[in-house]
Every structure is written in structure tokens, then in C-alpha cells.
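Hi,

Here is the structure I promised to pass on. Have a look at it first, and then read my notes below.

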Amino acid sequence: MVTLKIDGHDVLVEKNATILQAAEKAGLKIPTLCYHPALRPDGNCRVCVVEVAGARSLMAACIAPVTDKMVVNTNTPLVREARRTNLELILANHPLECPTCKRNLNCELQQLALDMGVSEVHYQGRQRELPMDTSSPALVREPDKCIYCGRCVRVCSDVQAVNALDFFNRGFDTEVGPPPGYNLNDSVCVQCGQCATTCPVGAIYEKSVVDDVWQAIADPNKHVVVQAAPAVQVSIAEALGLEPGTPMAGKMAAALRRLGFDRVFTTEFTADLTILEEGTELLGRLKNNGALPLITSCSPGWIKFIEHNFPELLENLSTCKSPQQMFGALAKTYYAEKNGIDPSKIYSVSLMPCTAKKYEAARPEMNSSGYRDVDAVITTRELARMIHEASLDINKLADEQFDAPFGMLTGAATIFGTTGGVAEAALRTLYELVNGQEMPTMEYEPVRGLDGIKESSVNLGGTDVKIAVTSGLANAREVLNRVKNGEAEYHFIEIMACPGGCIGGGGQPIKNGSDNRVARAASIYKVDAANRVRKSHENSAVKQLYKEYLGEPNSHKAHDLLHTHYTP
Ligand code: HC1
């Protein structure tokens, strides 16, 4: 431990701490911009500079290590002047289009200018007028708005191990993006949107289809259904200014009806269905020496990652489509037939915490209903925008239920929204079906929590089934390398592309560097615990679907509609 003095206060910190961490410990706020708590610090924006006694120049607090007896001042005239100058230099090259920017009122650069009292820019900058990249179905890049903080580059390389983005050229010609000559869509980008949630400004964001959805809602010839993903119900609150983690399923269902959707359903219905399909697949592979480990397939960013990076393991993927796509296929077949609706008139919207779900819905193979199974995917952020556009005060709405039949859900489906949830839901069902009794406790702690890699083992019918759960693609890469190199043997691996699973998805609310995943996950588990039915095989509407339509799990019909194959 070392002791240093910051603004006259003694602070005791670990000897490898930075000045920024020491200041935080002392309750002192140093402004930052290129710094993000989840990322390796880089120190390139110089907004966090401080004065250190005896140093020849100001130091960037986010990277400067503390030393014993160091004396730091964070708020001197020299420091304030330097920070303002650095910020003004960034603003001089940044288009000042705040009112029409996607990040207006939620922009770290805008907030810093306000906090530092910068109301004028004294430098002549240069606007670049670089072309926008709209090639991806999920994301839009506006290079002109980039402030070169490098947060997107670091999250893409360090957290996701995707390496789709980097710095190119030098000086005024510096660019951040995919390699020259490539756009997002033809690069190795997996469309996870982690760049969008870590960007401090509006340089990269989801490709919005809100106007298409409004148009479909206004069309009297369209029957517009919406499925809401489990992670959205515990995160939409933040985007509407409410306490992080507030569960909102009931109010969200009410709001979706007020927005004009004809039927309001939940993806949890097909999450339960996934457990029956994927669980049956796992038991089949265990029995018949099939490709093991079986790896989950519901996270589309992960699917794109394995296609690019581990094509030799594609046979290990579950053939199950994601719950989103199962829902889409059933909406235009089973639901359409059951309700006498022409499937060509159904417009199927999904509400997701994820940008990659937009890409998944657009994949060519996702049309087993004979139509595009999912027509439009909106993120949590886009739903918040629709609610604002409609001037709805969600607080004033009473809770409402989802519609039948795809509104029926169990607690097992709700926990899909956080890392470990798919594995836990699968175990609740498989344990009971194979061992003939309920799991000793419904809460399976070894797969809970936000650790990037979790391992466990459960005895199913005399076999110790080894499980790994991982989220964040750098962790997935590590687990798969262990499997490939024979350093680990698993029977089942749950992989979610985003750190923490869908609660940490790239379409989730952005709150200037604050991490609300813990509150969102806690809320998911509370919603599960409060549900009377907590096992997927007890979902009565899923049972009815098998009885009326699919036959049994992994039947021919189920395979036609609910399964697919991925090729390198
Ligand atoms: Fe997810 Fe899933 S849990 S992938 O995280 O399997 O996006 O929430 O909807 O499809 O159910 C996302 C969330 C979501 C699917 C389910």
C-alpha cells in the first residue's frame, strides 16, 4: 500500500493503483473521456490531467501510477486551463449537431463541455466529411463524429477479441474503423454493438428501424405482433429515467399496446421451447456419441464469431435457432393458422437488448415460415425512443399481461437474459426428466454471477455432465481454445457474445460509463423467483404447441421450423 496526498487529503491505496483510482477512493471526481471503467486505460484524450508535485508536465490520471508520498492536485488553474484546452481541441474537429445527434443529452463530450463551462471554442478545427458506413444491418458508423478516444477499438479487441476496428493513418488523417477498403458488414465485425455502448459520442450506433415499425403499425392491412426479450424488461427502466433494474414487464406490455402493436408476446415463450429442443438434442448427443460439447446457439454475435474464428467447431453448435427466430417462424405458421390470419399480412417485430439480433433476423436462412420470419428488430434504446415519441408516461400505465398463446412464460425463460441462465434453465428441466426428481434447489449458483468463465458439473442419469458458461467473446475464445487443445472437456457450453449475457447487450441503455448489469441481473433473478412456474417443461402453452402442432421435441416439423445449420 502507498499513501499519497490528493488535494490536501491523505489517501491510502494499493501500490499499483492509478491516480484516478486513488482520487475515486478519496471521493474526488476527475473528469475523463477516453477512460472507461470496463476497459484498459489509454490516456490519449488528456482530459483527466492533474498536477503532480515535482513532475515536469501534467499527468493523465487514468494511466499515471501512484507512488508513495506523491502530492497531487486535481483542481488548480493550470489543470483547469489544460483540460479546457484539450476539450476545445476535440470540439473544434467535432460536428456540433447536437440536437439531431442520436446521443443528444446522453453524450459524454456534451456533458463535459457543460461541466467544464466550455461555451466557446477558440480553435479553428477541420471537419472531415468522411462517408457514413451504413453497410451493416445492425450498426451505423459516422466517422465524422469520432473523437479518437479508442474505446470502441479497445472493447472490440480486449473484451470481444474480435479486432474489427483499429486506428489507421496518422495526424489529421487518422481514422478509426475496419481496415481501409472494408466496411462493417464485410469485416470480421460480429455486430454485437459493444462499440456502440462504449462510444462516448454518437460515432457508432444501432441502425434504427423505428420508422418502418411505425409504418407497419399504421397500415390497416398489417397484423403487427411484437415479442419482447427477457433482458429488455429489466433495463427499459433506465432508458426512461427510472431506477436501474426496475422490472417493467407489465408496464412494458401496456406501453407496447398503447404504441399500437396488435399482439404483445414474449420471447420467453420460445426460450422455454428452446430448452425442450436443445435439451433433447443434448440427451441425443450424449446417448449416440454425437458432437460434444454441445454449444448454445441463441446469441447471434457468437454465431458470427464461431463462423469466422472456429469453423472447425461448427458441428458442436446446437442446431436450434435462437428463441427470437423460433418465435418468428411460429408466428407466421402456427399462430397464423390458429387465428386464421394470412401470414403474408403478419409483420413480426422483436424487441431485443441486442444489435446482432438485427443481423440474425436478416440472415438468408431465417425464412422457414416461407416468409422473413422476423421483419424488424428494435433495441431497448429504440423502444425508449418510441415511448418518448408517443409521449407515453409509462409510470401512469397499470401493469398488463402478455397475450396468449405466446405470452406464457416460466421463470426458467426469464433467466435466459443473464449469463448462466440458459444453462440453469436447461438443468432445471434435464435434471428432472433424467433423474426423475427436481433439482435440490431451483437456484443453481455455480453458473450465476458476472464472472466471464464459470464451470460446473451435474450428474444426469449416472453421467457427470460437465458444463462451462462464458460471456464476452474474449472469454469464449479462451474456452474454445482450451477445448481445441484438449485442455478441458465439457459436455455443454453456454456462450453469450456480450459480457454478462443479454443484460449487457449492445442495444441496451447507455448511461455514460455506469455499469448497471448487476442491478439488471438481480432483477431477472427476482422475477424468476416470483414466478409460480419456473421450469420450461411446465409451460402449458409450449405443451399445447407440441400437442397441436409440432408433435414432440426434435420432430420433423420442429426441425423444419426451429432448427438450422451454419456453414463456414
Ligand atoms: Fe437474449 Fe434470447 S436471452 S439471446 O440474451 O436466447 O437478445 O434477453 O431474447 O433469441 O429468450 C437477447 C435476451 C433473447 C433469444 C431469449
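On the helix 9 side, F269, T270, A271, L273 and T274 make contact with P323, M326 and F327 of helix 11. Sorted by class, this contact has six nonpolar and two polar residues, with no charged ones. Please keep in mind that this is a predicted model.

How do the two helices cross? The axes of helix 9 and helix 11 come within 8 Å, at an angle of roughly 105°. Since angles of 65 to 115 degrees count as roughly perpendicular, helix 9 is therefore roughly perpendicular to helix 11.

Helix 9 itself covers residues 268-287. Is helix 9 mostly covered or mostly open? Helix 9 is mostly covered, with 14 of its 20 residues buried. After helix 9 comes N289, which has a positive phi, near 55°.

Which residues are closest to the ligand? They are A229, A231, C298, Q324 and C502, out of 20 residues that surround the ligand. The shell around the ligand is made up of 11 nonpolar, seven polar and two charged residues. Both helices come back here: helix 9 and helix 11 (323-338) each supply at least two residues of that shell.

Happy to go through any of this with you.

Best wishes

Technical notes:
Residues numbered from 1 in each chain as written. Predicted model: local features only at pLDDT ≥ 70, side-chain atom pairs only at ≥ 80, totals over all residues. Helix = DSSP H or I, 4+ residues; strand = E, 2+ residues; numbered from the N terminus. Expected span 1.5 Å × (residues − 1). Buried ≥ 20, exposed ≤ 12 C-beta atoms within 10 Å, placed from the backbone. Near = placed C-beta within 6 Å. Nonpolar A, V, L, I, M, F, W, Y, C, P; charged D, E, K, R; others polar. Axes fitted to C-alpha atoms, helices over the stretch in contact; angles between N-to-C directions. Parallel < 35°, antiparallel > 145°, perpendicular 65-115°, else oblique. Contact = placed C-beta atoms within 7 Å.
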